[in-house]
Amino acid sequence: MLWDERYLTLYERYGGETVPVEATLEELSELLYCTPRNAKLILKKLQNERLIEWLPGLGRGHRSKIVFHKEKESYLIDYAISVAEQGDYKRAFDSIAQYGSGTTARESFLEWLNQQFGYKKGEGVYGEECRDTLVFPVLKAPLTLDPADLLYAFDSHLIRQISDRLVRYDEPTGQIAPMLAHSWTPSSDYKEWTFYLRKGVRFHNGAELTSRDVQFTLERLWKEKANSWLLREVVRIENLSLRVLRISLKRPNRIFDRYMCSAAASIIPYEFAGAAEEEFWRKPIGTGPFQLASWSNGRIRLEANDAYFQGRPYLDEVEVVIMPEDCSKDLDQLAKVHHSLDTMKLEPNMTTNEWQEIEKLCHGCVLMNWNVAAEGPQQSVAFRQAVRKIIQPEEMIKELGGERAIPAFGFRPESSMKQSVEPVQPGQINELLRESGYAGEMLKISYIPKYREDATWIMERLAEWGIQSETHEDIEHADIKISGLVFPEDEVCEIEAYEHRDCIMQTYFDAARQSWIGGRIDEALAAETTAERRRILKDIEEYLRDESLIIFLHHRRISMYWHPSVRGVSLNMLGWVDYKDVWLEQHGISALQEQY
């Protein structure tokens, strides 16, 4: 790999003529950042590889010359492809940026890259069944596959492929459905919950699931983990028999079964199946439809669990390619098979109308959180309200477009659609700024990288009103954070946004506000009706909006196209394709592997 870059460096400097070009060892050593002696060794290696020919100058006044045997553009493309195949996409893009000036290497590389992603059907050999594979890129590697510590949507999505929960939330019906537990019952006061496990469910290592595994998982989750909030009211977890488990709570929780739908409550084997904990998380096992086959060199490979208790997946393999975050603009030029906009690549001879399409609003929103645990102008409610009125999400959507769909007035799009946008009132904004006593202090704004455009737009709008701001990488000590929330489990995920150890509200809200929110959540969990519970949670949301502790920005649109021969495709509430039920039709697939 190093020799390739040295060849390209020399070619870039000396023009790559097919005729000999004058050069000196001193020039080469300076260019390659080495001694003249090492420069000779490099030249010898490049000659042995038949990349160059070095013609030493003999006698006084005769300069040495170099001849290049490989044309730069094709060599650069081959090199970029070779490092990309090894998982180093950042090096591939960086090399094209460094050496590709005046060539079409970037376009050629992107065309090649586009062919690597999507759904593939490979023909089996000698009558064997063909393998169905999904390959797609993401811009950020998962931070963890440990359910107890997960926070982000993509981590949650991967964990759901590898592991199962006691029960699951069924989005179409809005009901709790059996999963590892075939039945469950609360006590009359909703302070005890008993779960009855299925027979015959096996982990990826072949061991049968029992209540001992569930007890181990939940007791581990219970103790000082990021997601311990799920079990903060638990007083006891009892293993009653091989397949019966009882959980006792301090106070009533009428939706505790909803809590157990969370990916954070995914079940892992007792004592990490005999492995050391650190070793287990390099290749975790669960009972899910896919098992982790490998995670290395920027690639995560999942293989179908043949013995999955809810039916084997149709896909044999899912491969996740982890791209560097600064490649986001390059990925935008590819088929949208990444992140929450997963799509198939459109074939040149097919029209968009021939493809199948899904479009839905994401359950959740993009928002701004004020850090009221820190000193600054944000301590004034008048200042926070002035900023809220300055930022017009409808204008942001109109100017920035993309996946920004509708202005947000709360966490959920269905509520926001019932609201109307207030016009800008300059007099009111000026009065609020005067009341706040704002004296030109610099606001420190942090943001998740994917919301960089939103942050830039907001900073420009604030500047128009004399409010100065700058980006700040230290999220904990920023004044504002721009981020997104996704609610795959509705009410439970709303509560998670307040109570998860690593969620921004735990950092940005002072103790008094956290205590008030915690008390209201306890009231909601004990509420006898769904309507009463929703009213209490809505009270919290309205308090945050009215006090402008949160400024809601917009709801995202999730859309997807896929090839007509791909069946069983759906987008889950996390905005990702559920892999288990995807399958590829035989019809129209050539004998050779075809990539869409």
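The turns below cover helix pairs and sheets.

Reader: What kind of model is this?

Author: Residues are numbered from 1 along each chain as its sequence is written, and side-chain values use heavy atoms, with hydrogens and water left out. Local features need pLDDT of at least 70, side-chain atom pairs count only at pLDDT 80 or more, and totals for chains, interfaces and linings use all residues, since this is a predicted model.

Reader: At what angle do helix α1 and helix α4 pack?

Author: Helices (H or I, at least four residues) and strands (E, at least two) are DSSP runs, numbered from the N terminus. Axes are lines fitted to C-alpha atoms, for helices over the stretch in contact, and angles run from 0 to 180 degrees between N-to-C directions. Helix α1 covers residues 2–14 and helix α4 residues 72–85; their axes are 11 Å apart, and the angle is about 155 degrees.

Reader: Is α1 roughly parallel or roughly antiparallel to α4?

Author: Angles under 35 degrees count as roughly parallel, over 145 as roughly antiparallel, 65 to 115 as roughly perpendicular and the rest as oblique. The angle of α1 with α4 is about 155 degrees. That makes the pair roughly antiparallel.

Reader: How many residues of the contact of α1 with α4 are charged?

Author: Contact means heavy atoms within 4.5 Å. The contact includes Asp 4 and Glu 5 of α1 and Lys 72 of α4. Ala, Val, Leu, Ile, Met, Phe, Trp, Tyr, Cys and Pro count as nonpolar, Asp, Glu, Lys and Arg as charged, and the others, Gly among them, as polar. By these classes the contact has six nonpolar residues, no polar ones, and charged residues numbering four.

Reader: Which strands stand at the edges of the sheet of three strands?

Author: Two strands pair if DSSP finds at least two bridges between them. The open sheet has the order β1-β3-β2, with antiparallel pairing. Each edge strand has a single partner, so one side of each is left without a neighbour in the sheet; the edges are β1 (21–22) and β2 (52–55).

Reader: Which residue of β3 is the bridge partner of Glu 53?

Author: Strand β3 (residues 65–68) runs antiparallel to β2, and four bridges join the two. In β3, the partner of Glu 53 is Val 67.

Reader: Which strands does helix α3 touch?

Author: Helix α3 (residues 36–48) packs on this sheet, and its direction makes about 130 degrees with that of β2. The strands it touches are β2 and β3.

Reader: How far apart are the axes of α12 and α15?

Author: Helix α12 (residues 381–390) and helix α15 (residues 426–436) pack at an angle of about 155 degrees. That makes α12 roughly antiparallel to α15. Their axes are apart by 8 Å.

Reader: In the open sheet of four strands, which are the edge strands?

Author: The order is β8-β9-β11-β10, with antiparallel pairing. Each edge strand pairs on one side only, and these strands are β8 (181–186) and β10 (234–241).

Reader: How many residues of β11 are buried?

Author: Buried means under 20% relative accessible area, exposed over 50%, partly exposed in between (1.4 Å probe, protein chains only). Strand β11 is largely enclosed by the rest of the structure, because the buried residues among its six number five.

Reader: Which residue of β11 is the bridge partner of Ser 241?

Author: β10 and β11 pair in the antiparallel sense over six bridges. A hairpin joins β10 to β11 through two residues. In β11, the partner of Ser 241 is Val 244.
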